[in-house]
Amino acid sequence: LIDSDNILPSRDWLKRMIEPLEADQRLIGSEPIEYTYRPSDPPLTRYCALMGMNDPLVYFLGNYDRKNVLSGKWTEAPVKEITNDKSQKTKRYRVVELDPKNLPTIGANGTVMRRSVLQSVVGNNLYLFDIDEVAKLAALGQSRFAKVEIGIIHLYAGSLSQFARKQLRRVRDYLYFRASGIRKFTWGGPQAWRKVYFILACLTVVPLLYQSAKGYRRKPDSVWLLHPIYCWITLLVYGWGFLSYRLKPGLASRANWKQ
């Protein structure tokens, strides 16, 4: 599953991704453990690579799926790492057992899935909601994944306006497809209090400044100064997206849309 804003970072990328699936037939898929950080990339791309996500809200929720400089983890979701495995000897990938009730945001930007396994839940439907399909499989007991020690380049947004537009599309589309009964996976339950923490962090600013300082100390880059701005934009756009959807339900506009 290679998105339109992905670039493969090396010639052996696909070989590395398939390696664990060939070694263990119980694995249903594999995914890069990080976003490739390149100092020459635009600020937003560097920020997403350092955060291991495209959305700062996900950091507060803890269910991201790529290495994050602030936490030093690839996720805070409850996953079980399988230790008695060839992967631990080679250090080329990690085998994990996903919790179907609290998944990382897994399933896009370089995720490789076994065709037969994926088709068992999606049939001939070509329009996929990445994490939804993984959630369906995990609920059926097929939840073993490989996190490969390799990255993928993700050119998420080139400007603040494009970032805001993508965030608006994200929230309106999610609300639309959830109301239509198409989206199955929801970000609620035990993570609800984390949403409140995100709002309070944006309003008080202090936690955001602390995170910026912590990130710069661990990986010096001036883009950490923009962390509060990205969080504020996300809060404002999500708030507006939720309100505008309630007033006028529907998909986000695709007029003049360009990646």
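This is a predicted model: local features need pLDDT of at least 70, side-chain atom pairs count only at pLDDT 80 or more; totals for chains, interfaces and linings use all residues.

Colleague: OK, how many disulfides does the search find?

Modeller: The search of the whole structure finds 0 disulfides, a disulfide being a pair of cysteine sulfur atoms within 2.5 Å. For Cys48, the nearest cysteine sulfur is that of Cys231, 11 Å away. Cys231 is in no disulfide either, and its nearest cysteine sulfur, that of Cys202, is 5.1 Å away.

Colleague: And is Cys231 buried or exposed?

Modeller: Cys231 is buried, with a relative accessible area of 0%, where buried means under 20% relative accessible area, exposed over 50%, and partly exposed in between (1.4 Å probe, protein chains only). Cys48 also counts as buried, at 2%.

Colleague: Which residues touch the most other members of the largest nonpolar core?

Modeller: Those are Met51, Tyr59, Phe60 and Phe163, in a core of 31 residues; a nonpolar core is a set of buried Ala, Val, Leu, Ile, Met, Phe, Trp, Tyr and Cys residues joined through side-chain atoms within 4.5 Å. The largest share of this core, 6 residues, comes from H10. Apart from this core lies another, of 19 residues, including Val134 and Ala138.

Colleague: What does Phe60 touch?

Modeller: Leaving out residues up to four places away in sequence, Phe60 touches Arg194, Tyr197, Phe198, Ala201, Leu208, Gln211 and Cys231, with contact meaning heavy atoms within 4.5 Å.

Colleague: Switching to H6, why is it called largely enclosed?

Modeller: Because 7 of the 10 residues of helix H6 (residues 130-139) are buried, it is largely enclosed by the rest of the structure; helices (H or I, at least four residues) and strands (E, at least two) are DSSP runs, numbered from the N terminus. Asp132 and Glu133 are among the buried residues of H6, and what covers the buried residues includes strand E5 (112-113), helix H5 (115-122) and strand E6 (144-154).

Colleague: Last one, where is Ile199?

Modeller: Ile199 sits in helix H8 (residues 192-204), and at 39% relative accessibility it counts as partly exposed.

Methods:
Residues are numbered from 1 along each chain as its sequence is written. Side-chain values use heavy atoms; hydrogens and water are left out.
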